[in-house]
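Subject: Structure handover

Hello,

Here is the structure I promised to pass on. My notes follow below it.

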Amino acid sequence: MGNIQAPRGTYDVLPQESAKWQEVERTINELCNLYQYKEIRTPVFEHTELFQRGVGDTTDIVQKEMYTFQDRGDRSLTLRPEGTASVVRSYVEHKLFGQPDQPVKLYYTGPMFRYERPQAGRMRQFVQFGVEAIGSKDPAIDAEVIALAMDVYKSSGLKSLRLVLNSLGDTESRLAHKQALIEHFAPSIEEFCGDCQNRLEKNPLRILDCKVDREHPLMATAPSLADYLNEESAAYFTQVKDYLDELGISYVVDPNLVRGLDYYNHTAFEIMSEAEGFGAITTLAGGGRYNGLVEDLGGPESPGIGFAMSIERLLLALEMEKVEIGQDQSLDAYVIAMDAASKKKAVSIVRDLRANGISADMDFTDRKMKAQMKSADRKKARFVIVIGESELESGKAAVKEMATRDQQEVPFGELAESIQKKKSLEE
């Protein structure tokens, strides 16, 4: 048997890349703190029924893309394909609707799993950051959630962004539109793919999202949901747009925008990358309002809104816009030991520097001094500390500042303090 490789659709994040991930995650955590969204961590797998009820039986995710398995107790479990259903399940299970401050504002970051054809920025295991605000039907919270999504991209350094909005209306509006879609597509439904034929009665809105039949002439003339919004839904959408205008966030209204999950209603939005070379699928984030999902999962009436974004696609967009992140991995101090006796001292000095918040490293392969100096250069060490026989006798180390080539002797006990002083002067 040959070497074992990572399964198709998965990948390793190596150290030179993980620094970029850490920087993005830092940005996310800081912004969520500013907006007062608190982190929630849910299990990687859930009961399959959660996604059948929460995401919807007619979606591609449930029908084609879930990693589902029987455990030893013959229970059907599924690796989570998205985050909202899990968060809402937790909200209901832990009775977060009983907290005095509503909406409950939550965020999550973690791996999701979908069995689909791997392509640029779309893998079978991918990492999603998402936000959920549950317990308010105020259009101002819709605008806040959209603003937070835009801020994550802008704070990461992206500029070529496009926000697309639509209203999916309330239940009454959707039923009227559903009937119009059935009447529109039914006479020619045999010209469409099998999936669309199945969707006609159950969820005809999903026909508009079909990748196979997107060029069919009936797509262009399909009844627009905008024409079926009742007065209340239209007024709600106007308020959301007014708040976005107030926040100075520009957007485009696209009446054909539908989200791929069954639980959405009212506000739906996507954020696209307009960077050159990004490829055919330009969506970076998507979200919307899901009034009714909490009730579907056994909780009381608690309207919600949220979004999810792929971290991989965010990193891909940064690459396309040539934005460099995760560059600062320099080392404060590299300790060089000249012989076996010096090495003992080097080990304790490295330990002491680290205990004082100074990043430090040393050689662990007993190389000559010249090779150790090369290693210090590769690691971009700001200071090199050399210890040999004479340094052990005098109780002082030779400290070389690599940028200026200045060198001085510093007593062993004062090394941490000396380097901290020099660092603070540079900063």
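Which aspartate forms a salt bridge with lysine 379? It is aspartate 361, with the closest N and O atoms 3.1 Å apart. A salt bridge here is a side-chain nitrogen of Lys or Arg within 4 Å of a carboxyl oxygen of Asp or Glu.

Two notes before the rest. This is a predicted model: local features need pLDDT of at least 70, side-chain atom pairs count only at pLDDT 80 or more, and totals for chains, interfaces and linings use all residues. Residues are numbered from 1 along each chain as its sequence is written, and side-chain values use heavy atoms, leaving out hydrogens and water.

Salt bridges

Back to that pair. Lysine 379 sits in the loop between helix H13 (369-378) and strand S14 (381-387). Aspartate 361 is in strand S13 (residues 360-362), and the pair, 18 residues apart, links distant parts of the chain. Helices (H or I, at least four residues) and strands (E, at least two) are DSSP runs, numbered from the N terminus. Lysine 379 has a relative accessible area of 34%, so it is partly exposed. Aspartate 361 is buried, at 18%. Buried means under 20% relative accessible area, exposed over 50%, and partly exposed in between (1.4 Å probe, protein chains only).

The count comes to 17 salt bridges. One of them joins aspartate 195 and lysine 64, with the closest N and O atoms 2.3 Å apart. Aspartate 195 lies in helix H7 (residues 194-202) and lysine 64 in helix H3 (residues 60-65), so the pair ties together parts that are 131 residues apart in sequence. Aspartate 195 is partly exposed at 24% relative accessibility. Lysine 64 is also partly exposed, at 42%.

Arginine 89 bridges to glutamate 93, with the closest N and O atoms 3.0 Å apart. The two are 4 residues apart in helix H4 (residues 84-93), which means about one helical turn separates them.

An open, mixed sheet has 8 strands, in the order S1-S5-S6-S11-S10-S9-S7-S8. S1 and strand S8 (252-253) stand at the edges with a single partner strand each, so one side of each has no neighbour in the sheet. Strand S10 (residues 283-289) and strand S11 (residues 304-310) pair in the antiparallel sense over 5 bridges. Pairing requires at least two DSSP bridges between two strands. Arginine 289 stands opposite isoleucine 305 in S11.

Annotated site

UniProt, in an unreviewed entry, places a "binding site" at residues including Glu82, Gly83, Arg114 and Gln128. Its positions are given in the numbering used here, feature names are shortened, and annotations may be inferred rather than shown by experiment. Glutamine 128 is in strand S6 (residues 125-134). Its relative accessible area is 8%, so it is buried. Contact means heavy atoms within 4.5 Å.

Another buried residue

Aspartate 332 is in strand S12 (residues 331-337). It is buried, at 6% relative accessibility. Leaving aside neighbours within four places in sequence, aspartate 332 contacts residues including Gly357, Arg382 and Lys423.

Best wishes
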